[in-house]
Amino acid sequence: MNWYDKLNQYFPIEEMKSKEHIEILLKDKQDIYKKDEGPDHVLLYVEGKEFIFVDYLFVAETARGQGLGKKLIHQLQERQKTVFLEVEPVQEKDEDTSKRLRFYQREGFLHASSIAYNRKSLATDEETPMEILYWPANPSVKEEDVFNYMKKIYSEIHTHKDQHLYGKSYQPVDEVLNIEKNVEHDRV
């Protein structure tokens with residue numbers, strides 16, 4: 001099974017970029033958009049000067065519980081940049097959502113509770129709320145920093161050539177991402 005089929009099998013359609021979109025990012029944004037692939041994992045991420053955004057992290061079901069996801073996250077954390085990602089809110093019907101949150105909690109991630117992120121899926125035309133989790137490389141990193149990083153990711157990665165690729169555009173960043181001031185972050 002190729003890397004895209006692995007991702008497509010695991011992630012909901014609302015969260016998936018097309019294969020062509022990812023391939024264009026790997027070509028057009030090759031200085032920042034990276035793919036790390038092995039027999040049991042696929043990791044797609046953006047590495048900026050101050051942050052790393054995990055776009056997709058897939059670990060094969062047969063390899064889960066063996067420390068591979070932890071190893072991949074630690075390799076990113078060792079670069080001493082803030083690491084952040086989007087996750088589905090916990091859903092009672094989907095045990096994977098709570099397992100995923102517990103995994104990131106063990107790895108020191110915080111919930112950016114002041115950041116509201118809700119975009120309309122081009123695939124389903126439905127609203128898709130997501131939670132932002134982050135691992136601050138140093139204590140001076142605030143949720144507002146993560147918010148600004150996320151705006152950059154949305155504008156430069158998620159919507160890259162969207163009109164060309166999907167025949168329509170994603171919503172403007174200010175409709176999708178908002179921040180509430182003076183909200184304390186929560187541990188995941």
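Predicted model: local features only at pLDDT ≥ 70, side-chain atom pairs only at ≥ 80, totals over all residues.
**Briefing: the largest pocket and a helix pair**

The lining of the largest pocket draws at least two residues from each of five named elements, namely β3 (51–59), α3 (68–77), β4 (82–87), α4 (95–106) and β7 (127–135).

**The largest pocket**

- The volume of the largest pocket comes to about 700 Å³, and 32 residues form its lining.
- Among the contributing elements, α4 gives the most to this lining, supplying six residues.
- The lining residues that lie nearest the centre of the largest pocket are Tyr10, Leu57, Arg100, Phe103 and Tyr104.
- When the lining of the largest pocket is sorted by residue class, it divides into 14 charged, 12 nonpolar and six polar residues.

**The packing of α1 and α2**

- Helix α1, which covers residues 3–10, packs with helix α2, which covers residues 19–28, at an angle of about 125°, and the axes of the two helices are 11 Å apart.
- Because angles of 65 to 115 degrees count as roughly perpendicular and those over 145 as roughly antiparallel, the helices α1 and α2 are described as oblique to each other.
- The crossing in which α1 passes α2 is right-handed.
- On the α1 side the contact is made by Trp3, Tyr4 and Leu7, while on the α2 side it is made by Lys19, Ile22 and Glu23.
- Taken by class, the residues in the contact of α1 with α2 comprise four nonpolar and two charged, with no polar residue.

Key
Residues numbered from 1 in each chain as written. Heavy atoms only, no water. 1 Å grid on protein atoms, 1.4 Å probe; cavity = no way out; pocket = protein on both sides within 12 Å on 5 of 7 lines; lining within 4 Å. Points joined across faces, edges and corners; volume = space filled by probe spheres on them. Helix = DSSP H or I, 4+ residues; strand = E, 2+ residues; numbered from the N terminus. Nonpolar A, V, L, I, M, F, W, Y, C, P; charged D, E, K, R; others polar. Axes fitted to C-alpha atoms, helices over the stretch in contact; angles between N-to-C directions. Parallel < 35°, antiparallel > 145°, perpendicular 65-115°, else oblique. Left-handed = near helix turned anticlockwise from the far one by under 90°. Contact = heavy atoms within 4.5 Å.
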